[in-house]
Amino acid sequence: GFYEEMEMKKYYDPNFYFDYRFQTDEGRYYNKYFCGSAIAMSPFYMIAHIIANSSGYDADGYSFPYIVSVTLAALFYLFLGLLYLHKTLTLYEISERNKSVALLAAAFGTNLFYYAIVEPGLSHIYSFAFVSMFIYFAKRYFTSYEKKYVIYLAAVLAMIILIRPVNGLILFSLPLFAGNWSRLKNGFHSLFVNYKILIASVALGALILSIQLLVYKLSTGQFFIYSYGTDRFYFLEPHMIDILFSYRKGLFLYTPIYFISTLGIFLLWRSRKFEVLSFFGFFILITYVLSSWWMWYYGGSFSSRVYVEYLPVFIVILALGLNHMSMRWSKITSVTLIILLIGFCQIQTYQYRYGEIHWSEMTKDQYWNVFLRIDRLM
């Protein structure tokens, strides 16, 4: 009732919704967030604008065609991300059955589903798509050392940063996708030997990133500003346990597929030590950085939304773990557990959507009081 009533309004009530524009001392407005998400969805927005102009809708950015365009953009990038994730799993020679299970787990068993369907305007689904592309091109580069993949990686990395700057941490996943120390070393050696490609790639990445500087210049008259105001990281006060396990926003509590994926490192330790250590180091790094943000629970969100972009990395580990299993009973048990956790996630997504799981302030008592209950929402 309440949510539908709010969402049916064409213009949001400024007294209810927070305005993410800030002002300079000179009174000029600028957007708190980077422009990458807007760039990613701009083709869909332009099509909506053309339709609005030619079909009698208000061409104001808020009428029906624009709302549809944001939804379609999110779905497009969801499928693009899943496509490149599928291609990456193919490079790892994951069986078709295990690829299907892993992709279903990603699409329906995590908070990826929520941010593609319910809040498609947030940045996470776009980050997911470009990170999926990044790890695919990284894997291709470290198996072939072809120069073109360096160019692709630079362009995709620039878009990742332009969407959400902290996601540049994906660079630290490169050892995982190199696969071993030898390929990692040879990959970087090839990069510096072919320094012209490296320079061209850096220039391309810088050109893409300069879009943000141009936006700042047009908005404020300055090329460089810190758009987040007083918001910052507190690296001496990380909330690593809270961001993973708390009743407020615990990643592993609300979306346990991430936890099951992480457990895959125990199956892979004997045969893929370098990759296991690379993944574990990357996981600890992103958890430390993300949990050091001043608002470690990231306000209104289902589970810990800042992990959505890194989901492709978790799914690779999940798929490798599934592929590693040789005993029939272990495969059946694992697939059954994943199916159950998909159902669990869908119920909690539904609860969150309709307010049974609070958007920000859940406690232990509240969590268990509504655990898997949907009867009050019918």
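**The lining of the second largest pocket**

Guide: In this predicted model, the lining of the second largest pocket has 16 nonpolar residues and 3 polar ones, with no charged residues (Ala, Val, Leu, Ile, Met, Phe, Trp, Tyr, Cys and Pro count as nonpolar, Asp, Glu, Lys and Arg as charged, and the others, Gly among them, as polar). A pocket here is an open set of points on a 1 Å grid where a 1.4 Å probe fits, with protein on both sides within 12 Å along at least five of seven lines, and lining residues have an atom within 4 Å of a point. The volume of this pocket, the space filled by probe spheres set on the points, is about 420 Å³. Among its 19 lining residues, Val-150, Leu-153, Leu-157, Leu-171 and Leu-191 are the closest to the centre of the pocket. Two or more lining residues come from each of the elements α6 (124-144), α7 (147-163), α9 (181-193) and α10 (195-220), where helices are DSSP runs (H or I) of at least four residues, numbered from the N terminus. Of the elements, α7 gives the largest share of the lining, with 6 residues.

Turning to charges and rings, the charged end of Arg-248 sits over the ring of Tyr-297 at 3.6 Å from its centre, and Lys-87 lies over the face of Tyr-84, 5.6 Å from the ring centre (NZ of Lys or CZ of Arg must be within 6 Å of the ring centre and within 35 degrees of the ring normal).

Residues are numbered from 1 along each chain, and side-chain values use heavy atoms, without hydrogens and water. Local features need pLDDT of at least 70 and side-chain atom pairs 80 or more, while totals for chains, interfaces and linings use all residues.
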